[in-house]
Amino acid sequence: MRIRIVDAFTDRPFAGNPAGVLLLDDVFPDDDRLQNVAMEVNHAETAFAHRLPPGGEADWALRWFTPVAEVAMCGHATLATAHVLHTTGAHEGPVRFATRSGVLVATPGPDGWITMDFPTAPLTAVEVPNGVAEALGADPLAAYDTGPDVGDLLVELADERTVLGLAPDHKALMAHSSRGVIATARADDPSRGHDFVSRCFFPNVGIDEDPVTGSAHTALAPHWSARLGRDDLTGLQASRRSGLVRTGLRGDRTLLTGRAVTVIDGALLA
């Protein structure tokens, strides 16, 4: 199988979030095979896609695996897959993916930008769970459940500096959500090109810190759109690699826009 490594939510290599992308000739092989490939790739997610018969509600079937588990939603690996389809000529125009989160559409734009249409995460305010502040090393101002598809605890912190300075106890965070914890704050200086900042910690799926997380922005978009009074925002996910995600809140759907770069193109021999 041909395998590509794509850096997503960035316009340059060695930044953003890397994802493995495999376009399959036929239906998905057994789950153990997919999981073993994702374990070998050892990035936050590896995406597997195959073409569907014409005339249906979707063009390609798409699944995502971390090194240890299949996930219900992944933004950066969807962006990476759409990038591969468009740059290789395997698909032209908007592409509809059949996924565990329903049909997701990725539409190419000018200069390599791709806009994805995802379900908006349903936010529910909750009490800050006991132990979260200690695990993060900071006191949350508020906490929210992000629903079953995202599966995170979203916590708002006092300011951008606090988010950037977090050094959490990842093992201690495991008890507080099915996937992990999103920490976020308002941007200190929006003139620098972003309206809010976030970091994402997902120890329950084998990822202590994810570099740039599209699915998290389906929760960050409604949170910050309500707080800032605008539907269209830009989020900076801060990490060693970092990346920008443009968000557009459209009711029960959230538009996620970013760019991607293919950095490795090779063959899976095993």
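Leaving aside neighbours within four places in sequence, which residues is Met116 in contact with? In this predicted model, Met116 is in contact with Phe9, Gly75, Thr78, Leu79, Val105, Ala106, Thr254, Leu255 and Leu256, once those sequence neighbours are set aside. Met116 also belongs to the largest nonpolar core, which has 34 residues, and together with Trp64 and Phe97 it touches the most other members of that core. At least two core residues are supplied by each of the strands S1 (2–8), S2 (17–24), S3 (45–51), S4 (60–65), S6 (95–99), S7 (102–108) and S8 (114–119), and likewise by helix H2 (75–88). The largest share, six residues, comes from H2. Apart from this core lies another, of 18 residues, among them Ala135, Ala143, Val155 and Ala185.

Helix H1, residues 31–41, can be followed from its start to its end. At its start, a side-chain oxygen of Asp30 reaches to within 3.1 Å of the backbone nitrogen of Asp32. The buried residues of H1 are Leu34, Gln35, Val37, Ala38 and Val41, and, seen down the helix axis, they fall within an arc of 160°, so they line one face of the helix. Such a pattern can be read against the geometry of the α-helix, which has 3.6 residues a turn, so that residues three or four places apart point the same way. The buried residues of H1 pack against S1, S2, S3, S4 and strand S5 (70–71), whereas Asp32 and Glu40, on the other side of H1, are exposed. After the helix comes Asn42, whose phi is positive, near 60°.

The buried residues of H7 are His217, Thr218, Ala219, Leu220, Ala221, Pro222, His223, Trp224 and Ser225. Just after H7, Gly229 takes a positive phi of about 75°.

One of these H7 residues, Ala219, leads on to Thr146, which touches Ala219 as well as Ala121, Pro122, Leu123, Gly151, Asp152 and Leu154, not counting residues up to four places away in sequence. Thr146 is found in the loop between strand S10 (142–145) and helix H4 (147–150), and it is buried, with a relative accessible area of 0%. The side chain of Thr146 reaches the backbone oxygen of Asp152 at 2.8 Å, while a polar atom of that Thr146 side chain lies 3.5 Å from the backbone nitrogen of Gly151.

Notes:
Residues numbered from 1 in each chain as written. Predicted model: local features only at pLDDT ≥ 70, side-chain atom pairs only at ≥ 80, totals over all residues. Heavy atoms only, no water. Core = buried A, V, L, I, M, F, W, Y, C linked by side-chain atoms within 4.5 Å. Buried < 20%, exposed > 50% of the residue type's maximum accessible area, 1.4 Å probe, protein only. Helix = DSSP H or I, 4+ residues; strand = E, 2+ residues; numbered from the N terminus. Contact = heavy atoms within 4.5 Å. Polar contact = N/O pair within 3.5 Å; in protein donor to acceptor, adjacent residues only side chain to side chain. Arc of directions from axis to C-beta.
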